[in-house]
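Work through the exercises below with the sequence and the structure at hand. Try each task before reading its solution.

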Amino acid sequence: MTRPRPQAGRAAPRRLARVVAFAAVAAALGGCASGPDAHPHDPLEPFNRGVYRFNEAVDEAVLKPVAQGYQAAVPRPVRIGVNNFFGNLRDLWSAVNAVLQARPQPAVENVMRFSVNTALGFGGVLDLASEMGITRTTLDFGQTLGRWGVPAGPYLVLPLLGPSTVRDTVALPVDRQGDPVAQGIDHVATRNSLQALRIVDQRAGLLRAGELLEQAALDKYGFTRDAYLARRQRQIDAAQGGGRDE
């Protein structure tokens with residue numbers, strides 16, 4: 001008899017839906033709560049700053065120390081292999097989004113990358129495609145929505161997930177459906193272990209950037225918001241204009 005899959009994976013989209021619903025209500029009320037000096041793309045700034053402080057506290061207490069320990073204990077070649085493995089999985093979903101965005105070149109390149117690295121690079125641990133000059137274009141469903149004119153909506157800081165917009169938050173459940181780790185692995189312990197390793201790998205990759213942010217930014221919240229919105233807009237412009245993403 002086939003065992004029913006645990007409900008944990010299905011609960012995440014419902015939680016995200018509640019966040020989106022809250023954001024929509026807050027956005028509608030944002031104009032009343034915003035003063036003349038409010039950032040035009042951040043009408044929810046008081047709420048966002050509270051979530052940002054929560055995320056910072058969690059990061060300082062848990063994520064950053066774990067990432068630092070991972071970086072110190074795991075040899076660099078192993079860390080590169082881990083990063084390559086998860087990057088290879090992203091290439092497949094990026095190819096799907098390139099098709100949805102009507103961008104044939106990134107679609108073909110990402111399929112080629114996934115095929116080469118999976119077949120010849122030990123499941124993506126080795127990034128042979130980059131050595132062969134095959135370009136990676138990382139795409140997600142939020143960019144796909146933006147490609148077809150869906151507006152970003154207000155800036156939104158998500159608990160634990162960080163910077164986003166209402167549009168990109170709505171896209172998260174779709175991105176989750178395209179995640180081979182979240183959807184392709186039925187064994188709960190294995191799936192959770194890989195997801196935890198991915199989070200640690202991503203956080204370890206941001207350690208240096210975090211140090212620079214600490215040194216350079218008087219208002220880390222404002223700097224992070226402006227950098228995220230500017231980079232996201234460049235990505236949407238590239239999708240709409242058929243150019244290269246960053």
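This is a predicted model: local features need pLDDT of at least 70, side-chain atom pairs count only at pLDDT 80 or more; totals for chains, interfaces and linings use all residues.

**Exercise 1.** Check the length of helix 4 against its number of residues.

Solution. Helix 4 covers residues 104-120, which is 17 residues. The expected span is 1.5 Å times one less than the number of residues. That gives 24 Å for helix 4. The C-alpha atoms at its ends are 24 Å apart, so the two values agree.

**Exercise 2.** Find which residues of helix 4 are buried, and what covers them.

Solution. First list the buried positions. They are Pro 106, Ala 107, Glu 109, Asn 110, Arg 113, Val 116 and Asn 117. Then look for the cover. It includes helix 3 (76-100) and helix 5 (128-131).

**Exercise 3.** Describe the phi, the location and the exposure of Phe 122.

Solution. Phe 122 follows helix 4. Its place is the loop between helix 4 and helix 5. Phi of Phe 122 is positive, about 55 degrees, although the residue is not a glycine. Now the surface: the relative accessible area of Phe 122 is 66%. The cut-off for exposed is over 50%, so Phe 122 counts as exposed.

**Exercise 4.** Which residues make a nonpolar surface patch of about 330 Å²?

Solution. The patch is made by Phe 54, Leu 160 and Leu 161. Take Leu 161 as one of them. Leu 161 lies in the loop between strand 1 and strand 2 (162-165). Its relative accessible area is 56%, so Leu 161 is exposed.

**Exercise 5.** Find where the confidence of the model is lowest and highest among the elements.

Solution. Begin with the whole chain. Its mean pLDDT is 87, and 83% of the residues score at least 70. Now go by element. Helix 1 (residues 8-33) has the lowest mean, 46. Strand 1 (residues 155-158) has the highest, 98. Then go by stretch. The pLDDT is below 50 over residues 1-13, a stretch with eleven contacts beyond near neighbours in sequence. Over residues 19-33 the pLDDT is also below 50, and that stretch has 13 such contacts.

Terms used: Residues are numbered from 1 along each chain as its sequence is written. Side-chain values use heavy atoms; hydrogens and water are left out. Helices (H or I, at least four residues) and strands (E, at least two) are DSSP runs, numbered from the N terminus. Buried means under 20% relative accessible area, exposed over 50%, partly exposed in between (1.4 Å probe, protein chains only). Contact means heavy atoms within 4.5 Å. pLDDT is the predictor's confidence in each residue, from 0 to 100. Patches are made of residues with over 30% relative accessible area and no salt bridge: like charges are joined within 9 Å, nonpolar side chains (Val, Leu, Ile, Met, Phe, Trp, Tyr) within 5 Å. Accessible areas come from the Shrake-Rupley method with a 1.4 Å probe; for residues, only the protein chains shown count as cover. A salt bridge is a side-chain nitrogen of Lys or Arg within 4 Å of a carboxyl oxygen of Asp or Glu.
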